[in-house]
Amino acid sequence: MTLSSVPLATSDIQIPGARRNSTLICVPIVADSVDQMLGQIRKAKEVGGDVVEIRLDYLKNFSPRQDLQFLVKQSPLPTLVTYRPTWEGGQYDGDEGKRLDALRLAIELGADYIDVELQVAPEFINSIQGKTSGKVKIIVSSHNYQNTPSAEELGNLVARIQATGADIVKIATTALDITDCARIFQVLTHSQVPTIGIAMAERGLISRILSAKFGSYLTFGSLEAGVASAPGQPTVKDLLDLYNFRQIGPDTKVHGVIGKPIGHSKSPHLYNAAFKSVGFNGIYLPLLVDSVKNFLTTYSSPDFVGYSYTIPHKEDGLRCCDEIDPIAQAIGAISCMIRRPTDGKLMGYNVDYLGAIAAIEEGLRASNGTTNVGSPLAGKLFVVIGAGGAGKALAYGGKEKGARVVVANRTFEKAQELASKVGGEAMTLAELENFHPEDGMILANTTSVGMKPNIDNTPLSKKALSRYSLVFDAIYTPKLTRLLREAQESGAIIVYGTEMFINQAFVQFERFTGLPAPKELIREVLVRNT
Ligand code: NAP
């Protein structure tokens, strides 16, 4: 059975440039001095923030009236004043009365928002009753740095915050697993009052970006990477330019790359730019997933529609499919999963082999100067290092093109297993060092040896490389791996992993959107980001 691409609904196309949500981007201002803070506030406006959060607890010397007046009056953006005590994860460990006085003063001086911690909120709100101009909005916040409580506990927490008379509810929890974000989305969806919902830490990133889809009052974006006020905060630039934050709407379709680790992935740059260029109403996220099964069971709504799979989840992904493309089934791993809109079934594909084999064939054709219809791989001795997801894709791809396949792998049993499936020969990495039955062999590295940050490593010695006429490396960070550099120095044609990546990206884009891939743009984005 061949699985066709998903038909496109008209709601999947959006008007270019239109803002599709009212979620504000709030930039935390976390400098030591008032002057530095003002510099940051101005920068926050330049980079596209909507609100600044003045974190008084970061100031080394603070003269309440003078400094607040200066900051609130000078700010070109609406101000949220926060004076976070250490007992709620902030920097201030002084007198509590003085802290709350400063917040009251901020209201008097015209701050647009005040953040007050749930623990002191009832007393604080009582103390300002009837004394504010009515302009200020009180955010009552609760921070949990340990975990994300159950949906029921979060519901109770929201009710407690609402009962204080808060204008805006803020709940920040810690994501220990990506599925924790779903409970934050539930809070946002069901809350009757304006609510800010965030799951902090690396596994909570999607809560900060999809805040726009689920209607959070605001999300936080830092000015620069590394100066975040809470773990897992993206930069404003990433929110706006990488994730097209303003274009995310309640009906935006969610895609992403499932892996662990995933921070290095270039895929979000590529697909988000490509979605935007054709006006497709979709977002593509890095998904740091611990259990594929839990992830798919939790995010089972029709809006979570398409995924790429990478290390170490390609085999697990396959086990979670409702239907599997025969090639993916034979390989035993998927690289792409689509939720069929008609019945929500999860369909798995392996498009890795299409990308890699096409790239190697192009390299061979270019070197032979031929445009033969038959595959230039036919009859060739094709050595695949690695027997994981990419290794299987290359070995099956090579077999399909009529090559004689050899598999070498660190774990020899896996090499044997794969070699027997593709009717090839298995060997150890040590044996490969002296393997030279004929000239003109082709080598494909599919291990992660040589991948960033371990760029000085290589899976095969330079001496052994001289026996190959073409060397391909699946790694694409860095583009020129040590293996490829030494192969080039030894006179072989080299084929970059980026070519495999690009070719399979074209295919995946078409599966995700039902539209032809903007090939030039995808190439440009990849060049810019590698
Ligand atoms: P995988 O399923 O986890 O397989 C990893 C392979 O690397 C296994 O064969 C493993 O050997 C081997 N390996 C890992 N560390 C090793 C070491 N220190 N020494 C020797 N062998 C080692 O991963 P995958 O999905 O196949 O991905 C592998 C590489 O291909 C990654 O760098 C990935 O980024 C790249 N890739 C690129 C593209 C692209 O589009 N260019 C697409 C897919 C993958 P054992 O069996 O002994 O553990």
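Mentor: What follows begins with the ground rules, turns to the rings, and then moves on to the ligand and a few backbone details.

The model is predicted, so local features are taken only at pLDDT of at least 70 and side-chain atom pairs only at pLDDT 80 or more, whereas totals for chains, interfaces and linings use all residues. Residues are numbered from 1 along each chain as its sequence is written, and side-chain values use heavy atoms, with hydrogens and water left out.

A pair of aromatic rings is described by the distance of the centres and the angle of the planes. Here rings of Phe, Tyr and Trp (its six-membered ring) pair if their centres lie within 6.5 Å, and planes under 30 degrees apart count as stacked, over 60 as edge-to-face and the rest as tilted. By this rule the count comes to 14 aromatic pairs. In one of them, Tyr113 and Tyr217 have ring centres 5.9 Å apart and planes at 70°, so the pair is edge-to-face. This pair links distant parts of the chain, with Tyr113 in strand 4 (residues 113-117) and Tyr217, 104 residues apart from it, in the loop between helix 8 (211-214) and strand 8 (218-220). Tyr113 has 9% relative accessibility and therefore counts as buried.

The pair of Tyr271 and Tyr284 has ring centres 4.4 Å apart and planes at 20°, so it is stacked. It too links distant parts of the chain, since Tyr271 belongs to helix 10 (residues 267-277) and Tyr284 to strand 10 (residues 282-288), 13 residues apart. Tyr271 and Tyr284 are both buried, and together with Phe275, Phe280, Phe509 and Phe512 they form one aromatic cluster.

Thr513 is placed in helix 20 and is buried, with a relative accessible area of 1%.

Two rings carry a charge over them, which requires NZ of Lys or CZ of Arg within 6 Å of the ring centre and within 35 degrees of the ring normal. The charged end of Arg511 sits over the ring of Tyr349, 4.3 Å from its centre, and that of Lys479 sits over the ring of Tyr496, 4.5 Å from its centre.

Helix 20 leads on to the ligand, as four residues, the largest share of the shell around the ligand, come from this helix. Of the 24 residues around the ligand, those that come nearest are Ala390, Asn409, Arg410, Thr411 and Ala474, where a residue is near if one of its heavy atoms lies within 4 Å. A polar backbone atom of Ala390 is 2.7 Å from an oxygen atom of the ligand, a polar side-chain atom of Arg410 is 2.9 Å from an oxygen atom of the ligand, and a polar backbone atom of Gly497 is 3.0 Å from a nitrogen atom of the ligand.

Finally, most residues other than glycine have a negative phi, and most peptide bonds are trans. Against this, the peptide bond from Ile311 to Pro312 is cis, with omega near 0°, and another cis bond joins Lys452 and Pro453, with omega about 5°. Ala201, although not a glycine, has a positive phi of about 85°, and Asn244 has a positive phi near 50°; Asn244 counts as buried at 8% relative accessibility.

Notes: Helix = DSSP H or I, 4+ residues; strand = E, 2+ residues; numbered from the N terminus. Buried < 20%, exposed > 50% of the residue type's maximum accessible area, 1.4 Å probe, protein only. Polar contact = N/O pair within 3.5 Å; in protein donor to acceptor, adjacent residues only side chain to side chain.
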